[in-house]
Amino acid sequence: MNNKYIFGGFIIVVFLGMMAYLFTQTNVAYENDFKNVMTTDNTVKATGAWVKSKNYHIDSEKNLFSFYMVDNHGTELKVVYKGAIPNNFESSTSVVVTGKFQNGVFVASDILTKCPSKYEEQFDEDTKS
Amino acid sequence: MIGNIFLTLALLASVFSMAMYYFTYKNYNNTLKLARIGYHSMTILVIAASLLLMHALLTHNYEIKYVFNYSSSDLSTGLLMSTFWAGQEGSFMLWTLLTVIVGLILLEYTSRRGDLEPRVMMVFSLAVTFLLVMVNPLLKSPFNFIWTEPTFIEVAKLNSSILSQSFMSGFFFSDPGSGKDFVKVGPELVAILKANGISLNQFIIEGKGLNPLLQNFWMQIHPPILFIGFAMATVPFAFAFAALIKNEYNEWVKQSLPWMLSASMILGLGIMLGGYWAYGVLGWGGYWGWDPVENSSLVPWLISVAAIHTMLVQKKNQNKGIGRFVKTNLLLAIMTYVLVLYSTFLTRSGILGDSSVHSFVSPGALVYLFLVLFLGSFTLLGFGAVAYRWKYLNQKFNYEENVFSRELALFTGSIALIASAIIILIGTSAPIFGQSVEIKFYNEANLPIAIIIGIVNGLSLLLKWKHTNGKSLIKNSYFALGAALASTVLIVLFGNVTNFMLIVFTLTTAFALWVNVEIAYKIFKGKKSFLGAYIAHFGLALFFLGVIATGGTSETKQVNLAKGETVSALGYDLTFNGYRTIDNGKKYAFDILVKKGNNESIISPVMYVAEFNNSLMREPDIWSKFTKDFYIAPVGYNSGEESHSEGDGHNHGTSTRMVKGDSFEALGAKITFNTFELGDGSSEAMMNGGAIKVGAVLNVVVNGKSYDVKPYLEILNGERTYQPALIESENLKFELTSVEASSGSINLQVSNINGTADEPAVAEKEMKETLTIDASIKPFINLVWLGTLVMVIGYIISAFRRTKESQS
């Protein structure tokens, strides 16, 4: 057998195997239905929109940032994040939070906000409908 | 628009050039000259179009949609020029421009090397053609006018003296969501303006501007360098394809190697400049976050590095017989460009929309399909050609390598790099299938690979080509092994590296470092042009040590700094001395006196609210010393006097948000928000550009008495003024801070007329000005930058050497 294939094959097989294992260990699924978010014990990435009318709250002593999110079905979720309010949060149109649902709130370890790059186009759509 | 005409002509010239190169390849006479004329005319047209775009940006030609969307008049000239590549259209234009210029050098290079030119240039022109289709007016041209599709433009960006003219009525729209007024700019309005002798550039006087995150020095450098790397990655593909169609595999490696080296060097430099940007300016805390956009340019780089090593083996061997790893080399050269295209697809198609910090928004179905077509064509072309020749390749190039040979060590290193690339690629592509991985995935999967790379890096240089005597190998490695063990013990003892894998990584990295130092020292007395590889590997080892130090032993702590009080954190004494305004009052710099022992320095992180996106922006500041960086990222600021309980300090969400029917208590009063009240005939007033009034009807019960008050918001010519309402007998003031008709909510601030705002909970506890920061110590992060720099120098020396060799 060719040494080249033994070495190369060994490395590829070992690392792909290791990757597959790590993938299952660190895999985080996207979830846009908050009912599922509330029933699973796994870490998920919940996607939804910030409920502006409920404002957000900052506890500067405990360094907690909390707000409400809503999914497409209208289910609301309270999100608590340890850390500062992310840049761009106020103008965000959709929010992706990574974390777990615990004791009635979603404890986020990461918040990613998506902003419309062109506000007017957004407005355009609103007025047409 | 002339720009679009230029780009369309350039596309035709590119197709023509490609066809003529094909005919030349098919042995037609007289077509080579035409092909060159085609390529040169295309180059001139693309350069002219780029100059036109630059001119439009510099002269604020806002009737062009791209100029309006990404630039504004208040930008400095340097930043204004960098808006060239701030958006999708412009960055495709930049990529096209740089590819075309790389092609010009390639044409010159190949024309001196036998029958290479037609074969290489016809594939290269195909890549150029695809890029030119991308920037054509139907897809992503930066030259399209703003009005061809009706666009709503905020009145603040328009010339107010024209707005008040009678013909303007009927074009005004108001967005209840943001409370802003817009003018619908479409073909009808342009016709009316024209009839009145007004040009669109007189009408639109300001653009949307550049995202504040991009407004810094690195924006001017990082994207162009990365795109030069992307453009140069096209070349190895073209060489590989040219070899496959001729079915001759000796020459191409020699000719392609300097290009592969330069592409890899520039791509790597571009990636690390992005890392420095993220670390030093954007305040993301580190230089690498495994973000999809970062990853997707790292993957082709890893493949290019793998390709360099196996190509070197082929080149070395074929001088004395038949080359090794020919199939691997062809596949890797093809993969490098295909992965650049895949990277473009991932970040530009909007497919990663939810998972990346800085991927572009969805560009539309047509562009999506075209990106798929671009990627698909080159994948099929490259792999199809290899498959076509596979039988021949398999028969001709098949050998056994010795276990103790440099060939096999280099091959093993390349396979390790490929394994790393596959792992990163799969992790990055996971969002396509609704999955994602944590950052841990990348760190843990790549650490053992990096350990292997450390071993092979050192070992491959100690091994001889073809076969090595076991005894001499052991004898030769005495010095490096001993030095590596000694330095690892020192690093573990003094550097607090405790993780077992990191200790192993330190050992193999130190081994690679000492082997390279030893050999470089010997060579230094001889032929200096041979030093490139050792310098680059030495740089890599430094880089790895930097990664171990910052990754393994960084410390971070959040600290609250009351003004004037000294707080100790991470062994440093921090004193917040107050803030000052910078950049004409647009930004706030927070001065912190940092002391350690007898050394001290003022570190000034910056925070400001950007008008662009109405968000709080934060910029870190660093006290950089050789052995460590003391890194301060601002988190929030509390002025302690006003109602700034939120920590971000600038009137954000500090007041109470209410919807109809809500009530709350403040300063002993119970306040209920009953309903909105619109000013008289507001829609008519709006059409005429008059004032709009939106009031909130509040019921206030205080000391047993009930009052009705109406604070209101007035909008006149896009300017918003908030009129407070007072109950003087109770010393109460009610002021709206924002109104959102879409959600039916208001933000209300209640205060005493003569006194401070109502913020009982916070005001009592924290009367002092307080700054909250994240302080970190990043040990030896300078090794990361230094290692990168040394690697680049090594690359450059190697590229020169291989260019010289390719001429023989």
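**Cores, a sheet and confidence in a predicted model**

In this predicted model, B:Ala10 is in contact with B:Met42, B:Leu45, B:Val46, B:Ala49 and B:Leu132, leaving aside its neighbours within four places in sequence.

Reader: What makes B:Ala10 and B:Met42 count as being in contact?

Author: Two residues are in contact if their C-beta atoms, placed from the backbone, lie within 7 Å. B:Met42 is listed among the contacts of B:Ala10, so their C-beta atoms lie within 7 Å.

Reader: Which residues touch the most other members of the largest nonpolar core?

Author: They are B:Ala10, B:Val123, B:Ala240 and B:Ile303, in a core of 206 residues. A separate, second core has 47 residues, among them A:Val79, A:Tyr81, A:Ile85 and A:Ile111.

Reader: Why are strand 2 and strand 3 of chain B said to pair?

Author: A pair requires at least two bridges. Strand 2 and strand 3 of chain B have four bridges, in the antiparallel sense, and therefore they qualify as a pair. B:Phe173 stands opposite B:Phe182 of strand 3.

Reader: What makes strand 1 and strand 2 of chain B edge strands?

Author: The open sheet has the order 1-3-2. Strand 1 (151-154) and strand 2 (172-175) each pair on one side only.

Reader: Where is confidence lowest in chain A?

Author: The lowest confidence is in helix 3 (residues 119-128) of chain A, with a mean of 33, whereas strand 5 (residues 76-82) of chain A is highest at 89. Over residues 117-129 of chain A the pLDDT is below 50. Where pLDDT is low, the predicted coordinates should not be read in detail.

Definitions and conventions:
Residues are numbered from 1 along each chain as its sequence is written. Chains are lettered from A and ligands numbered from 1 in the order in which they are written. This is a predicted model: local features need pLDDT of at least 70, side-chain atom pairs count only at pLDDT 80 or more; totals for chains, interfaces and linings use all residues. Helices (H or I, at least four residues) and strands (E, at least two) are DSSP runs, numbered from the N terminus. pLDDT is the predictor's confidence in each residue, from 0 to 100. A nonpolar core is a set of buried Ala, Val, Leu, Ile, Met, Phe, Trp, Tyr and Cys residues joined through C-beta atoms within 7 Å. A residue is buried if 20 or more other C-beta atoms lie within 10 Å of its own, exposed if 12 or fewer, and partly exposed in between; C-beta atoms are placed from the backbone.
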